[in-house]
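Hi everyone, thanks for coming. Let me put the structure up, and then we'll talk it through.

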Amino acid sequence: MNTALIIDSDLFFTNTVKLFFSQKNIDTIICHDGMHALDYLNNKEYDFIICSDQIEHKNGLEMATLVKGIAKSKNIPYISIIGNNNPTMKKEYEKIEPDAIFTKPVDIQLMLTTISNLQLNTSSFVRVL
């Protein structure tokens, strides 16, 4: 069974993803608070990480940079979720080089396919908008 960490303060999004992932036998841990996210990242192993720019108590770009560093050091696929269609914001997230970027609303099935491809190392950076 895969284990995912989702860092996002959007309750509707996280609950939707958790429900969808549970149907695919993916154990999902949700962290709504950027201050606690680092504890989650450092105290448990995950098969992939999803981090949104919409988190409480932390700047989204700062959090994305921290998460990317941890994910890269542990060789864990990392996906950024952007909550708006601001082209400048998208470029800033691309500089962080997550394994994939999605803009809300997210096609969860496509995100899951992307994650599977990343885990199999059959895909490189994916920009899904």
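So, the lining of the largest pocket: its residues split into 4 nonpolar, 4 polar and 4 charged. Here Ala, Val, Leu, Ile, Met, Phe, Trp, Tyr, Cys and Pro count as nonpolar, Asp, Glu, Lys and Arg as charged, and the others, Gly among them, as polar.

Quick caveat: this is a predicted model, where local features need pLDDT of at least 70 and side-chain atom pairs count only at pLDDT 80 or more, while totals for chains, interfaces and linings use all residues. Residues are numbered from 1 along each chain as its sequence is written, and side-chain values use heavy atoms, with hydrogens and water left out.

On confidence (pLDDT is the predictor's own, per residue, from 0 to 100), the chain's mean is 89, and 94% of its residues reach 70 or more.

Back to that pocket. There are 12 lining residues, and Asn75, Ile76, Pro77, Asp99 and Asn121 lie nearest the centre. Two elements give two or more residues to this lining, helix H3 (60-73) and helix H5 (108-119); H3 gives the most, with 3. Helices here are DSSP runs of H or I, at least four residues, and strands are runs of E, at least two, numbered from the N terminus.

Now for Asp8, in the loop between strand S1 (2-7) and helix H1 (11-23). Buried or exposed? Asp8 counts as buried, because its relative accessibility is 0%; the cut-offs are under 20% for buried, over 50% for exposed, and partly exposed in between, with a 1.4 Å probe and protein chains only.

Methods:
1 Å grid on protein atoms, 1.4 Å probe; cavity = no way out; pocket = protein on both sides within 12 Å on 5 of 7 lines; lining within 4 Å.
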